[in-house]
Amino acid sequence: MIWALLGPELLLAIFALAVILLDLAVKQKGVLAVFSIVGLLGSIGASLALWGTNGIALNNMLVIDKYALFFDVLFAAAAILVILASTDYVEKLKGFQGEYYALILLATTGMMFMASTRELVSIYISLELTSISLYILAGFLKDAKSTEAGLKYLLLGSVSSAVLVYGMALVFGTTGGTHLGVIWNAVKGLNGIADNPTLIMGIVFLVAGFGFKIATVPFQMWVPDVYEGAPTPVTAYLSVASKAAGFAVILRVFFEAFGRAPWLSQSWGMLFAILAAITMTVGNVVAINQTNIKRLLAYSSIAHAGYIMMGLAAVGLMESQLALARSGILFYLAGYGLTNLGAFIAIIAISNNTGSDLIDDYKGMVRRAPVLSLGLAFTLISLTGLPPTAGFVAKIYLFNAALQSGLLWLVIVGVLNSVISAYYYLRVVKTMYLGEPASTERLSSSGPLRVALTASCFGVLFLGVLPNTVIQVTEAIKFLVS
Amino acid sequence: MSFLADYGYIGLFFVVSVVFALTTVLIPQILTALGVIPSKPSPAKSATYECGMDTIGKSWVQFNFRYYFLALLFLVFDIETVFLYPWAVAFNKLGLFGFVEMVIFVGILVVAYLYAWKKKAFEWK
């Protein structure tokens, strides 16, 4: 029964419509948040119930394997944390709470489809479902900064979508199919780079189009402005789920369609290796000078995209490393997701009180909000990659995969970058713990925010102390290839 | 070689289109120069549109923002019609599955309609 296979996605789509209708009927808008979380939990339940099935649905366009289901759970969990963190925030969105939750659910649905589709046109459609929802969410506050963020995201995102479609057209032109399996069958029969400039051109366009979503360096210009202007919960969601969805698609597309012919995979593997080195260096170096914490985390998220791309490079350069590198990417995305959400939740709680995102206003925060400061410090340590946190294990695990593929130089660049990143992450921690507070007024935070922060911090700690339990899961994850 | 031949076909179209455009533009010019056609310009002849209304004012005026809502709503129902037509033509072949699918599709649009209604998008004030 194919509808059962599509359970996680369909459930969310139905809940999104139901939230819109419910919004028209109820006065008490808190119900909407609860209702959305119920839908997301249901979706996680459906994914876990399907765990282990290898199904194909809708004319072989969707594939339901552990890889897709892992991402389903990741996106839904991120969405739950984001919704918990937005309960205070949506008070500011007068009269648009229903749309806010519905759009988050729709964006999540799109991402879930992105992780499980194996056909270029449906990849594009699910990508647009995600992007259009996120464009609106980025401009949701309707003030000058937020509008600028929304418009910038919309314009640059549309250009990148056009580039992506152009790449898909070129790939379709050379291989005669939009299904990844068909493309692979055609690629198998080709004989080298020199004879197929159109295909290479198409692949470069695909890298550019997807590179926008994951914010690799030549396509990262939108990130700081959009992250700064968008409502902070949306920024958190963008930096975690949207990025993870991009990686989910890239890994599946590039491995299944172009990954098993060494002449081709080594060229895109090297492309990703070089992009990874540039991306992490630019992200980390520019982050040093930031005075706004949201901009700082924006550049840090660019740097992390660079680290994760090391895994893609490892897959491209050595096909035998697929299992290790894929597991490394999945673990990194989970660890990075929890950590970044935790950091953003702490920032939301602080800025709800102080109304400012400047790092200078975090002076002496530990005396005004000890628990929030501890949470933020802990997640920043995890982003740096120090033990005993998820970030530490994830980095070692992924660097190891790159090393096994012979990317020693890239690992050295990665380690040097982690050292650079320690400077600006720990500077925030220093400001919070050693600075003199401007006022002694205690900060207050709402219940849902505290629950979300505690959950993500414990998740980070758990992945850092007992990584084996999760690594066993990620190592068992395979995707179906045709 | 068939590759080049395909492009040759496109090239042929290109040449024909250029020649056609140039000829139609040049014929009146040449005939005027030869004195076959008398040159008698009048305001009616040099108007932008020979038939239809004269435009009033400039086209760079501001439109009322509410037209935007109407355009969006129109789009929703336009797409609905576009999908309903082929569905209705093939209704007998699609059977129950097609019927249920269309009910779901219309159901989604009804949600959009209810939303627009409740948000007062239909009211002109």
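Visitor: What should I know before I start?

Guide: In this predicted model, local features need pLDDT of at least 70 and side-chain atom pairs count only at pLDDT 80 or more, while totals for chains, interfaces and linings use all residues. Residues are numbered from 1 along each chain as its sequence is written, and chains are lettered from A in the order in which they are written.

Visitor: How many helices and strands are there in chain A?

Guide: Helices (H or I, at least four residues) and strands (E, at least two) are DSSP runs, numbered from the N terminus; chain A has 20 helices and two strands.

Visitor: At what angle do the axes of α3(A) and α5(A) cross?

Guide: Axes are lines fitted to C-alpha atoms, for helices over the stretch in contact, with angles from 0 to 180 degrees between N-to-C directions. Those of helix α3 (residues 30-50) and helix α5 (residues 97-116) of chain A come within 10 Å and cross at roughly 10 degrees, and the two helices are therefore roughly parallel to each other, a term for angles under 35 degrees.

Visitor: Which residues make the contact?

Guide: Two residues are in contact if their C-beta atoms, placed from the backbone, lie within 7 Å. Here α3(A) brings Leu32(A), Ala33(A), Ser36(A) and Gly39(A), and α5(A) brings Gln97(A), Gly98(A), Tyr101(A) and Leu105(A).

Visitor: What share of the residues in chain A is buried?

Guide: A residue is buried if 20 or more other C-beta atoms, placed from the backbone, lie within 10 Å of its own; buried residues make up 58% of the 482 in chain A.

Visitor: What does the C-alpha trace of chain A span?

Guide: Along its principal axes, the trace of chain A spans about 70 × 55 × 40 Å.

How values were computed. Angles under 35 degrees count as roughly parallel, over 145 as roughly antiparallel, 65 to 115 as roughly perpendicular and the rest as oblique. A residue is buried if 20 or more other C-beta atoms lie within 10 Å of its own, exposed if 12 or fewer, and partly exposed in between; C-beta atoms are placed from the backbone.
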